[in-house]
Amino acid sequence: MTESSVPAPRRGVPIWAQIIIWVFLAGLLVIVALGLRRAQQGTVQPGQVIDDFTLPLYSGYELDGQSEIHFEDLRGKVVVINFWASWCKPCEQEAAELQQAWAEYEPTGQVIFLGVDYVDTEPEARVYLKKFGVTYPNGPDLATQISQYFRTKGVPETYFIDQDGVLQYVQVGPFNNIEQIRAQIDPLLE
Amino acid sequence: MGSSRIAFYSLLVTLVLAGLWAGSASAQGPTPTDDEVNRIAKQLYCPVCESTPLDVCPTEACRQWRDLIRTMLAEGKSEAEIEQYFVTQYGARVLAEPPNRLATYLVPAVAILLGAFMLFRGFQMWMKPSVTEADLEEAQPSQDPYVARLEEELKKRK
């Protein structure tokens with residue numbers, strides 16, 4: 001009779017290793033879930049308070065002589081943020097209307113238009129701004145940080161933010177006429 | 001005589017103008033070739049058209065980027081300076097290869113080493129020999145004299 005073996009006490013993976021593995025897997029799942037959620041989220045939604053951001057401005061398109069704008073400094077005013085690019089054909093459809101609207105609201109001192117130039121080159125951007133006679137503050141979306149914050153899906157997109165910094169309306173695609181722009185700003189000024 | 005003088009002065013003016021043109025052209029630097037532009041462009045990706053390298057992307061945005069690279073090369077900017085400009089303007093995601101930071105290589109390396117260590121430890125545990133009766137006897141010698149005698153008898157019969 002040979003020496004028989006008896007069932008050994010079960011030796012699994014040590015508890016610390018199990019914890020690490022599960023934490024790692026859970027973390028991986030969370031990252032994937034957040035990525036999917038972000039991809040399906042769309043732009044920031046009305047009702048959300050917009051956090052502070054800084055927009056550097058092209059020379060010649062400054063606001064009150066300042067070369068950059070801090071969004072927080074604009075509290076108390078209606079802010080219209082337009083994402084555009086010189087290579088974007090639909091942006092050209094609304095460029096004149098936006099400028100016309102700016103000319104109307106600028107004297108009130110209650111509304112600020114900001115042009116955020118998305119993934120563009122400055123020489124071409126300047127040609128575009130000159131072509132459409134744009135005069136409101138404009139600057140590049142450096143490292144696409146602003147567009148990433150707003151989760152833009154393309155250009156043009158325009159965001160209307162009230163005096164408290166709360167997003168009120170998002171226009172995806174170009175405006176067809178100036179009435180569409182007035183329809184969003186006027187209620188905010190009442 | 002008169003016509004030859006006119007021809008001489010015409011030639012002189014032409015030479016002077018040609019010299020001026022050549023001088024201004026050399027001040028701007030030679031126009032970079034498409035190959036030189038594309039050598040840098042293929043290391044960049046425009047965020048507008050993801051997954052398409054800049055050198056082959058047909059969109060207007062990418063054409064503008066290539067023009068900008070050409071302009072910067074003509075201005076004497078180096079490849080590194082141009083890439084840095086694009087990273088500053090459009091973010092590190094435009095680079096075909098991630099920036100050469102320590103964390104970029106350290107994190108995957110640590111994760112792989114950690115995983116390998118855990119696998120090694122796991123296999124080590126699973127491969128250990130199972131416990132035999134002899135081990136159990138050595139570990140827990142019986143205190144009961146009856147059981148001890150029984151075990152002794154059993155050993156003799158083996």
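Reader: Start with α2(B) and α3(B). Are they roughly parallel or roughly perpendicular to each other?
Author: Roughly perpendicular. That word covers angles of 65 to 115 degrees; under 35 is roughly parallel, over 145 roughly antiparallel, and the rest oblique. One caution first: this is a predicted model, where local features need pLDDT of at least 70 and side-chain atom pairs count only at pLDDT 80 or more, while totals for chains, interfaces and linings use all residues. Residues are numbered from 1 along each chain as its sequence is written, and chains are lettered from A and ligands numbered from 1 in the order in which they are written.

Reader: At what angle do the axes of α2(B) and α3(B) cross?
Author: At roughly 115°, and the axes come within 9 Å. Axes here are lines fitted to C-alpha atoms, for helices over the stretch in contact, and angles run from 0 to 180 degrees between N-to-C directions. Helices are DSSP runs of H or I, at least four residues, and strands are runs of E, at least two, numbered from the N terminus.

Reader: Which residues make the contact?
Author: From α2(B), B:E36, B:V37, B:I40 and B:A41. From α3(B), B:R66, B:I69, B:R70 and B:L73. Contact means C-beta atoms, placed from the backbone, within 7 Å.

Reader: How many helices and strands in chain B?
Author: Chain B has 7 helices and 0 strands. Of its 158 residues, 13% count as buried. Buried means 20 or more other C-beta atoms within 10 Å of the residue's own; exposed means 12 or fewer, and partly exposed is in between, with C-beta atoms placed from the backbone.

Reader: What about B:R149, buried or exposed?
Author: B:R149 is exposed, because it has 11 other C-beta atoms within 10 Å. It sits in helix α7 (residues 145–157) of chain B. Its C-alpha is 88 Å from that of B:V56, 93 residues away along the chain.

Reader: Switch to chain A. Which residues of α3(A) are buried?
Author: A:E124, A:A125, A:Y128 and A:L129, in the helix spanning residues 122–131. They cover an arc of only 135° around the axis, so they are on the same side of α3(A). The arc is taken from the directions from the helix axis to the C-beta atoms.

Reader: And what covers them?
Author: The cover includes β4 (111–117) and β5 (138–140) of chain A, plus α3 (60–74) of chain B. On the other side of α3(A), A:V127, A:K130 and A:K131 are exposed.

Reader: Which peptide bond is cis?
Author: The one from A:V155 to A:P156, with omega near 0°. A:P156 is in the loop between α4 (145–150) and β6 (157–161) of chain A.

Notes
Contact = placed C-beta atoms within 7 Å.
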